[in-house]
2 protein chains.
Amino acid sequence: MIGIDVGGTKIASGLVSEDGSLAAANERPTPQGSQQAFLDALEDAVRGHPEGVAAVGVGVPSRIDQVAHRVVASVHAPLAGIDLAGYLGERLGVPVFVDNDGNVAGIAEWQLGAGRGTRDFVMLTLGTGIGGGLILDGHPYRGARGAGAELGHMVVDVNGPPCGDGCPGRGHLETLASGRAADRVAHELGLADGRALVDAGRDGDSRAVEALGGIGRILGQGMVTIVNVFVPEVIAVGGGFGRAGELILGSAREVVATEALDPGRHAVRIVQAELGAEAGVIGAGLSAFELLHARA
Amino acid sequence: MIGIDVGGTKIASGLVSEDGSLAAANERPTPQGSQQAFLDALEDAVRGHPEGVAAVGVGVPSRIDQVAHRVVASVHAPLAGIDLAGYLGERLGVPVFVDNDGNVAGIAEWQLGAGRGTRDFVMLTLGTGIGGGLILDGHPYRGARGAGAELGHMVVDVNGPPCGDGCPGRGHLETLASGRAADRVAHELGLADGRALVDAGRDGDSRAVEALGGIGRILGQGMVTIVNVFVPEVIAVGGGFGRAGELILGSAREVVATEALDPGRHAVRIVQAELGAEAGVIGAGLSAFELLHARA
């Protein structure tokens, strides 16, 4: 299986075995100019690997309508209104499976990382936005149309600010607890960005520690919703801003422990994701294996 | 199958066939004094039906830990810290299945009512509190420990008031969009309770219409979370306060149409539940059939 992970700056690919092992990893820049240039780069990524591969899995930063076979909209990639699986499948002559990058990360962490051995697992990817992946009753859950689990777009503040970036809602978890939220808080403290805020927090700067704790508490409220609805065994937090680790997870855990319902609040473990930058490629491959088996 | 529906005022029971048809329905008051009196009443409800029944299904207003075989806590019934299925099964000599009343209502509406023919369906029961039932990928979803889908306890306002009634959280949908919320709003308008508020709204009282629309908008924000996470085909609203119907659903629908993500906001239908007061007994029976088959 060839796994492809589409990020805002690069398209990573590799050969993924059913056990999640990765070989022949490589990457190329993500073309931002036109959809055709972007599609050509995806095709090149596949053709860069030896022929004879059974299928291709692509993880995209997109909402997907698997019923209408259509990528609805994407963040940080010129990709919308196209049947990506159909297009690539025709160009390449092999089955292509397309999945949301949050689902893909969730599947990788579930099979190989922080969610190993669980039946009900939630992945939150804190980057510029917040992506999510749900494993329910031992299966990846993608919603009625394959677009589900936009956990970053749970409403946590009915009076909150507009979400933006293609989302018409407001007060969503993504607006208040993502890397973008960290950037905003950083600016208020006179720091360059969220990364500088996390660095300051690690150095023990009390204002940074407090600010990150505040973001963690809102993240925790989002997790209260997740725990009350799903009662998962594990919630794993990854992504660039997720590397803030205990600076945000400590207060998130505290909110869940005091505000979520029993038995969920006792059952859940809130942990950092375990897989690194390769998780996207591996997860794209694993997601495609799963969809291939589901089709068979 | 004997189905039993435990409500705050009465325990209803009946014989439920696998197709959901109901016979020999009857009811008795819900004892509120002691857990033993309550358990005796449940046992009497079963023994009031002819012997030879294969199994019993009980829908309770409770959070259940199906892994630890324990009712964790209940609302409006003296029932906590007990293995209800084990206790009743031993007393009665037949398998007993216990499920949350929100799940039970969801299963009934899915098989016989507003959710017929769907694979992904969400039931919201607006009573004193808010109960929820989830059908995901064609199966009732109960979370990792069988306690899941407490949709009334999604956080919709991180700065909101305490939830109360045994829940340690705050700003939950239940606090802001249940019958209790309607009571509070009614008092502010000098009306007796939520029922009077709904009556006034039906009579065209503009303040009542506006107030109910406001509750509907918060309900709609909760539905935005549901749509963005699950992308269900149908959300059905039932329960005593749910009878406010279009007075709340109109504005809820508007919020979902303008603030939820594509494709979910176009895919979802938001409708009133179709089944009446018998839904609880029928759903308890259907839930037990499903759990019996899952065990087999």
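Which residues form one aromatic cluster? Tyr141(A), Phe230(A), Tyr141(B) and Phe230(B) do, where rings of Phe, Tyr and Trp (its six-membered ring) pair if their centres lie within 6.5 Å. This is a predicted model, in which local features need pLDDT of at least 70 and side-chain atom pairs count only at pLDDT 80 or more, while totals for chains, interfaces and linings use all residues. Residues are numbered from 1 along each chain as its sequence is written, chains are lettered from A and ligands numbered from 1 in the order in which they are written, and side-chain values use heavy atoms, with hydrogens and water left out.

**Where the chains meet**

- By the ring-centre rule, the count over all chains is three aromatic pairs.
- In contact terms (heavy atoms within 4.5 Å), 47 residues of chain B meet 47 residues of chain A.
- About 3800 Å² is buried between chain B and chain A, and carbon and sulfur atoms give 61% of it; buried area is the accessible area (1.4 Å probe) that two parts lose on being put together, summed over both.
- On the chain B side, Tyr141(B), Val229(B) and Leu261(B) lose the most area to chain A, together 15% of what that side buries.
- Two salt bridges are counted between chain B and chain A, a salt bridge being a side-chain nitrogen of Lys or Arg within 4 Å of a carboxyl oxygen of Asp or Glu.
- Glu259(B) and Arg170(A) meet through their side chains in a salt bridge, at 2.6 Å from N to O.

**The sheet in chain B and its helices**

- Chain B has an open sheet of five strands with mixed pairing, in the order β3-β2-β1-β4-β7; strands (E, at least two residues) and helices (H or I, at least four) are DSSP runs, numbered from the N terminus, and two strands pair if DSSP finds at least two bridges between them.
- The edges are β3 (22-29) and β7 (96-100) of chain B, each with a single partner strand, so one side of each has no neighbour in the sheet.
- Strand β4 (residues 56-60) of chain B runs parallel to β7(B), joined by five bridges; Gly59(B) has Asp99(B) as its bridge partner in β7(B).
- Helix α2 (residues 84-92) of chain B lies across β4 and β7 of chain B, at about 150 degrees to β7(B); axes are lines fitted to C-alpha atoms, for helices over the stretch in contact, and angles run from 0 to 180 degrees between N-to-C directions.

**A look at Ala45(B)**

- Ala45(B) belongs to helix α1 (residues 35-47) of chain B.
- Its relative accessible area is 0%, which counts as buried (under 20%, with a 1.4 Å probe and protein chains only).
- Leaving out residues up to four places away in sequence, Ala45(B) touches Ile4(B), Ile11(B), Ser13(B) and Arg28(B).

Key: Buried means under 20% relative accessible area, exposed over 50%, partly exposed in between (1.4 Å probe, protein chains only). Rings of Phe, Tyr and Trp (its six-membered ring) pair if their centres lie within 6.5 Å; planes under 30 degrees apart count as stacked, over 60 as edge-to-face and the rest as tilted.
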